[in-house]
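Let's walk through this model together, beginning with a single side chain and then stepping back to the whole fold.

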Amino acid sequence: MDDHDRAPRSAEADALRGRWHECLVAARGGGEGPDPLPYADNLLARWAEPQRRYHTTVHLAAVLDHVDTLAGHAADPDAVRLAAWFHDAVYRPDRSENEERSAVLAERALPEAGVPAATTAEVARLVRLTVSHDPADGDSNGETLCDADLAILAAPPKEYAEYAARVREEYGFVPDEAFREGRAAVLRQLLELPRLFRTPHGAAEWEARARHNLSTELELLTH
């Protein structure tokens with residue numbers, strides 16, 4: 001990986017570097033590998049790109065926090081954590097292939113970083129799963145990552161409103177009417193799902209609040 005000179009420098013970024021180091025070393029399973037820091041810097045630079053308003057290092061840290069909360073549900077928490085790092089590593093709001101490109105990035109970077117082939121394949125699979133957020137029953141790694149990524153939907157009302165505003169900023173190039181129609185369609189699709197969250201914690205702690213937030217945003221958009 002290259003172009004890591006643009007990585008952010010802050011206490012928050014340093015904390016994320018520490019989390020990456022711990023996760024990567026664990027995923028190596030005792031194997032040797034190159035210095036984790038350049039990989040962390042490359043990923044942090046990606047997460048700090050100027051077109052991002054919601055899909056930033058703040059979102060990355062939040063997803064990692066939620067993975068920690070749900071880690072007991074996952075078969076391989078370290079693979080899930082690596083997938084969290086890569087799941088929006090490539091992000092352009094005007095493109096539809098972000099998840100695929102992010103998965104390919106993981107497939108290229110992780111073997112070079114010393115991660116075994118089986119773990120690399122699992123990370124890439126999990127990244128691709130965030131296209132649909134629809135893991136199969138019993139896919140505990142997929143359930144963990146998808147719930148962690150969607151946990152923002154269950155945020156307190158003020159935080160949820162800030163999330164929705166940042167999403168609108170990312171799509172600033174879309175006219176208001178078109179955005180309202182598109183966003184409303186996304187919200188209806190989410191609300192029509194039989195369940196948003198698949199882990200026991202997510203179902204118990206996040207489902208009801210998330211549905212309330214989604215319904216409130218949909219009402220504001222359509223009235």
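Is Trp20 buried or exposed? Trp20 is buried, with a relative accessible area of 1%, where buried means under 20% relative accessible area, exposed over 50% and partly exposed in between, using a 1.4 Å probe and protein chains only. Before going further, please keep in mind that this is a predicted model, in which local features need pLDDT of at least 70 and side-chain atom pairs count only at pLDDT 80 or more, while totals for chains, interfaces and linings use all residues. Residues are numbered from 1 along each chain as its sequence is written, and side-chain values use heavy atoms, with hydrogens and water left out.

Now for the rings. A pair of aromatic rings is described by the distance of the centres and the angle of the planes. Here, rings of Phe, Tyr and Trp (its six-membered ring) pair if their centres lie within 6.5 Å; planes under 30 degrees apart count as stacked, over 60 as edge-to-face and the rest as tilted. By this rule the protein has 7 aromatic pairs. One of them joins Trp20 and Trp85 edge-to-face, at 5.2 Å centre to centre and 70° between the planes. This pair links distant parts of the chain: Trp20 sits in helix α1 (residues 11-27) and Trp85 in helix α4 (residues 77-86), 65 residues apart. Trp85 also counts as buried, at 1% relative accessibility. Phe197 and Trp206 form an edge-to-face pair too, with 5.5 Å centre to centre and 70° between the planes; both Phe197 and Trp206 are buried. Returning to Trp20, ring pairs link Trp20, Trp85 and Phe86 into a cluster.

What surrounds these rings? The protein has 11 helices and 0 strands, where helices (H or I, at least four residues) and strands (E, at least two) are DSSP runs, numbered from the N terminus. Among contacts (heavy atoms within 4.5 Å) between residues at least 6 apart in sequence, 66% join residues at least 24 apart.

As for overall shape, the C-alpha trace spans about 55 × 35 × 30 Å along its principal axes. The radius of gyration, taken over C-alpha atoms, is 17 Å, which agrees with the value near 17 Å for a compact globule of 223 residues (the rule is 2.2 Å times the number of residues to the power 0.38). Buried residues make up 48% of the 223 residues.
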